[in-house]
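Here is a friendly tour of a protein chain for someone meeting it for the first time. Take a moment to look over the sequence and the structure, and then read on.

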Amino acid sequence: MYGQTTTNIHHQTSSAAIMAGEGTANGNQRKLPRFLCLHGFRTSGAILKKQIFDKWPIQVVNKLDLVFVDAPFPSQGKSEVEGIFDPPYYEWYQFNKEPKEYENFDKCLEYIQECMIKHGPFDGLLGFSQGAILSGALPGLQDTGMGLTKVPKIKYLIIIGGAKMQIKSLAEKAYSPAITCPSVHFLGEKDFLKPSGIKLLESYVDPVVIHHPKGHTIPRFDEKGLESMLSFIEKVQAEISTSEQV
């Protein structure tokens, strides 16, 4: 079903993931919601960490246990962040326009599962750009048995600059039935993926939407967006605390 490339899978990440949380909330020893963070196309885990920690306030990042990993494949072309962020750069899978298919997608799913086993358990996924497209599809693909069959169910999503998958056979499995796990979606007014990001919302039940005026980037919060994000995190925290007590 999937094409192959000659690129070797990059295996260093799962033994060198970048941890960005302490695991428990300060003072009350509550477990912080743990998210596996999937970076954008031809960037890296270190770049996504810097993007988030440069833009998001401490009252957000201190409430999350974030684990950043590199994608499995070294970049097969020029990165748009070249000259802004240092290499190396990685990509999760490749898109072949003719024929229209994702290459190495099955290997990508296997690799994410390896990361989740090694560094988990995780409560959810955070994704930006290509990582957001992946994150937004994975709960449905997991439910249909296409991937992540050896790890706990994905319960929460943070989608930044996301979009629907373009491959019809995958989309049918990823988004039908509608995805019910709590999710927050960032939509940029000038983001070229905004139309597809809006389309993605149709596949979710009660998504939280945070609008921002920028393009395809990790945004800063305005007052309303910060309130929505903190409310989402508080809901996640309350639910995982309750589940631990059961």
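This is a predicted model: local features need pLDDT of at least 70, side-chain atom pairs count only at pLDDT 80 or more; totals for chains, interfaces and linings use all residues.

Helices and strands are named here from DSSP runs, counted from the N terminus: helices are H or I runs of at least four residues, and strands are E runs of at least two. Pro88 is joined to Pro87 by a cis peptide bond, with omega at about 5°. Another cis bond runs from Gly120 to Pro121, where omega is near 5°. Pro121 belongs to the loop between α3 and β8 (124-128).

Residues are numbered from 1 along each chain as its sequence is written, and side-chain values use heavy atoms, with hydrogens and water left out.

**The chain as a whole**

The chain contains seven helices and eleven strands. Of its 246 residues, 54% count as buried. Buried means under 20% relative accessible area, exposed means over 50%, and partly exposed lies in between, using a 1.4 Å probe and protein chains only. A contact means heavy atoms within 4.5 Å. Among the contacts with a separation of 6 or more, 77% are between residues 24 or more positions apart.

Helix α3 (residues 105-119) has 15 residues, and from its first C-alpha to its last it reaches 21 Å, close to the 21 Å expected at 1.5 Å a residue. The expected span is 1.5 Å times one less than the number of residues. Buried residues in α3 include Phe105, Cys108, Leu109, Ile112, Cys115, Met116 and His119. An α-helix has 3.6 residues a turn, so residues three or four places apart point the same way.

How far apart are the end C-alpha atoms of helix α4 (residues 130-143)? They are 21 Å apart, which agrees with the 20 Å that its 14 residues should span at 1.5 Å a residue. Helix α4 is largely enclosed by the rest of the structure, because 13 of its 14 residues are buried. At Ala137 the helix bends by about 40°, and a proline, Pro139, follows within four residues. That bend is the angle between axes fitted to the seven residues ending at a residue and the seven starting there. Just after α4, Gly145 takes a positive phi of about 80°.

**The largest pocket**

The largest pocket holds about 800 Å³ of space. Of the 30 residues that line this pocket, the closest to its centre are Phe41, Ser129, Gln130, Phe192 and His216. A pocket is an open set of points on a 1 Å grid over the protein atoms alone, where a 1.4 Å probe fits and protein lies on both sides within 12 Å along at least five of seven lines; lining residues have an atom within 4 Å of a point. The volume is the space filled by probe spheres set on the points, which are joined across faces, edges and corners. The lining divides into 13 nonpolar, eleven polar and six charged residues. Here Ala, Val, Leu, Ile, Met, Phe, Trp, Tyr, Cys and Pro count as nonpolar, Asp, Glu, Lys and Arg as charged, and the others, Gly among them, as polar. Both β6 (94-96) and α4 supply at least two lining residues each.

Gln130 belongs to helix α4 and is buried, with a relative accessible area of 7%. Leaving aside residues up to four places away in sequence, Gln130 touches His39, Gly40, Phe41, Glu91, Trp92 and Tyr93.

**Some individual residues**

Here are a few more residues, listed by their accessibility.

| Residue | Relative accessibility | Class |
|---|---|---|
| Cys37 | 1% | buried |
| Leu148 | 3% | buried |
| Arg42 | 17% | buried |
| Asp206 | 68% | exposed |

Cys37 is found in strand β2 (residues 34-38). Its C-alpha atom is separated by 9.2 Å from that of Ala132, although Cys37 and Ala132 are 95 residues apart along the chain. Arg42 lies in the loop between β2 and α1 (45-55). Not counting residues up to four places away in sequence, the residues that Arg42 touches include Ser75, Lys78, Tyr90 and Glu91.

Leu148 lies in the loop between α4 and β9 (156-160), and its phi is near 55°, a positive value in a residue other than glycine. Asp206 also has a positive phi, of about 55°, although it is not a glycine. The loop between α6 (194-201) and β11 (208-212) is where Asp206 is placed.
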